[in-house]
Amino acid sequence: MSFMRSLSLAIELATDRRDEASRQLAQVQRTQASAHDQMQQLERYALDSEGRWMGSAQVSMDPEVLRHHYQFMDRLRHAIGLQSDVLLNLQGQVEQARRQLLEAETRLAGLNKVLQRKQQEQLRALERRDQRQTDEFATQQYLRAQRELAHGEPI
């Protein structure tokens, strides 16, 4: 029975690890979705800014205003590039979390399979023992009946 207790403990720990890996994956996916939303906001803002600029550029612009606009757009493009790097990093984290979850699920499935096999072995051993007892009882009944017939006693 010590093996079964150890196996049950291992399954409990593997279940906890699987659940934690699942929580980690969900957290990283939420972070990734948030970062993706931020990227979309930056891109929309850049497009809107360019659109507004193009509309106002048709009117003569002061060179200083033009310089500030280009500096602003460079900073905005830089921010978009940084956010792109963040998204790439988060994609790697999501893949890593998926692998960890898959490994945890595989480990748990393996332990459950071992438990199931052990339980089946115990059931077969119990059935064999019961059959042996039934056979022994039947044999004793048969031998008693044979002795009674041999000695002329009623059954």
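Arg23 is partly exposed, its relative accessible area being 49%. This residue belongs to a predicted model, in which Arg23 forms a salt bridge with Glu20.

**Helix H2**
- Just after H2, Gly152 adopts a positive phi of about 75 degrees.
- Gln83, which is found in H2, is buried because its relative accessible area of 11% falls under 20%.
- Leaving aside residues up to four places away in sequence, Gln83 touches Ala35, Gln38, Met39 and Leu42.

**Nonpolar core**
- The largest nonpolar core has 8 residues in all, among them Ala35, Met39, Ile80 and Leu90; helices H1 and H2 each give two or more residues to this core, and the largest share, 5 residues, comes from H2.
- Leu90 touches Val28, Thr31, Gln32 and Ala35, again not counting residues up to four places away in sequence.

**Salt bridges**
- The count of salt bridges comes to 7.
- In the pair Arg23 and Glu20, the closest N and O atoms are 3.0 Å apart; the two residues are 3 apart in helix H1, and therefore separated by about one helical turn.
- Arg67 pairs with Glu64 at 2.3 Å between the closest N and O atoms, and both are partly exposed, Arg67 at 38% relative accessibility and Glu64 at 37%.

Technical notes. Residues numbered from 1 in each chain as written. Predicted model: local features only at pLDDT ≥ 70, side-chain atom pairs only at ≥ 80, totals over all residues. Heavy atoms only, no water. Helix = DSSP H or I, 4+ residues; strand = E, 2+ residues; numbered from the N terminus. Buried < 20%, exposed > 50% of the residue type's maximum accessible area, 1.4 Å probe, protein only. Contact = heavy atoms within 4.5 Å. Core = buried A, V, L, I, M, F, W, Y, C linked by side-chain atoms within 4.5 Å. Salt bridge = Lys/Arg side-chain N within 4 Å of Asp/Glu carboxyl O.
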